[in-house]
Amino acid sequence: MKLVVGTRGSKLALAQTKKVVERLKEKYEVEIKIVKTAGDIMKDKPLYEFKGMGAFVRALDTELAEGKVDIAVHSFKDVPSQRVKRTVIAAVIERDSPCDALVSKDGERLEELDKGAVIGTSSLRRRAQLKRVRDDFRFENLRGNLDTRLRKLREGMYDAIVVAEAGLQRLGLDKEIEYQRLEPSLVVPPANQGIIAVATREGEEELVSFLNDEKTWLEAMVERAVIRELGVGCAVPVGVYAQAGNKVRLTCEILDKKYIRVEEELSRESAVEEAAEIGRELRKEVYGG
């Protein structure tokens with residue numbers, strides 16, 4: 001049986017897709033189809049300004065719904081709760097690092113950067129979190145693929161940039177460049193960072209069910225439950241991170257109308273429901289309902 005796998009065309013997207021395809025080849029013949037998305041076309045626009053469904057997701061899922069591809073591979077953090085009709089996230093593979101990474105021009109760590117240092121990031125969450133740590137930082141928008149972002153740093157457009165550590169790892173750059181991992185205790189990651197999701201059409205989930213990593217799935221669903229009940233997207237600075245073990249440790253950080261940080265231990269059996277309740281309570285506390 002042959003499967004056509006839809007993906008974005010960036011180096012990082014292809015590296016993510018390769019991780020999925022290597023597993024799919026255990027059962028299927030596989031063809032990769034590159035699809036351009038709104039996020040790829042409008043590269044100068046900050047992500048939080050995109051309206052509606054995910055900038056990197058909708059075009060892929062539309063191809064999936066229309067039968068032009070059989071599977072779509074996404075960074076789960078880009079996937080909105082509202083899906084293209086007849087498509088579903090059917091599996092996630094084992095999570096890579098959920099952490100953010102600070103890459104500086106001369107190898108400085110966060111605390112070593114000069115006063116008034118310029119940080120490149122288009123993420124409102126990253127800006128708010130780093131501003132909490134160092135209120136002297138200045139911020140400039142940063143878009144483009146990972147190679148482009150690193151080139152802009154080398155060219156001196158920024159003193160440092162913040163990217164996902166998982167991206168550095170997937171491209172093998174973690175072995176080539178010096179960077180500082182920003183631990184979740186300092187900078188709470190966005191929901192689902194480091195997770196690769198595999199989408200299928202409804203009713204065809206069994207095609208990829210063998211790929212699913214249960215620990216990662218639980219973490220993903222807990223984090224998404226909080227975000228869903230909060231009713232926010234990337235236009236609001238929110239970090240949500242779940243770590244599944246015997247219990248599920250959940251950390252939420254909101255830096256919007258007020259600053260709130262919550263750390264809870266949840267039962268594995270009811271973690272998603274408990275996380276949803278935490279999301280509802282946080283929404284009441286921050287937004288009044």
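1. In this predicted model, arginine 201 and aspartate 70 are both buried. Their side chains meet in a salt bridge, with an N to O distance of 3.2 Å. Arginine 201 belongs to strand β10 (residues 196-201), whereas aspartate 70 sits in the loop between α3 (58-65) and β3, so this pair ties together parts that lie 131 residues apart in sequence.

2. Side chains of opposite charge can pair when their charged atoms come close.

3. Glutamate 66 is partly exposed, its relative accessible area being 49%. Lysine 68 is likewise assigned as partly exposed, with a relative accessible area of 44%. Buried means under 20% relative accessible area and exposed means over 50%, so the values of 49% for glutamate 66 and 44% for lysine 68 fall in between.

4. A salt bridge is also formed by the side chains of arginine 280 and glutamate 277, at 2.9 Å from N to O. Both residues lie in helix α8 (residues 271-287); because they are 3 residues apart there, about one helical turn separates them. Arginine 280 counts as partly exposed, at 34% relative accessibility. For glutamate 277 the relative accessibility is 34%, and this residue too counts as partly exposed.

5. Salt bridges may also share partners. In this way Arg95, Lys215, Glu219 and Glu223 are joined into one network.

6. How many cavities of 30 Å³ or more does the model contain? The count comes to 1 cavity. The volume of the largest cavity is about 80 Å³.

7. Which residues line the largest cavity? The lining consists of Thr7, Arg8, Ala13, Gln16, Thr17, Phe56, Val57, Leu60, Val73, His74, Ser75 and Asp78. Helix α1 (11-24) and strand β3 (71-75) each contribute at least two residues to this lining. Sorted by class, the lining has 5 nonpolar, 5 polar and 2 charged residues.

Definitions and conventions: Residues numbered from 1 in each chain as written. Predicted model: local features only at pLDDT ≥ 70, side-chain atom pairs only at ≥ 80, totals over all residues. Heavy atoms only, no water. 1 Å grid on protein atoms, 1.4 Å probe; cavity = no way out; pocket = protein on both sides within 12 Å on 5 of 7 lines; lining within 4 Å. Points joined across faces, edges and corners; volume = space filled by probe spheres on them. Helix = DSSP H or I, 4+ residues; strand = E, 2+ residues; numbered from the N terminus. Nonpolar A, V, L, I, M, F, W, Y, C, P; charged D, E, K, R; others polar. Buried < 20%, exposed > 50% of the residue type's maximum accessible area, 1.4 Å probe, protein only. Salt bridge = Lys/Arg side-chain N within 4 Å of Asp/Glu carboxyl O.
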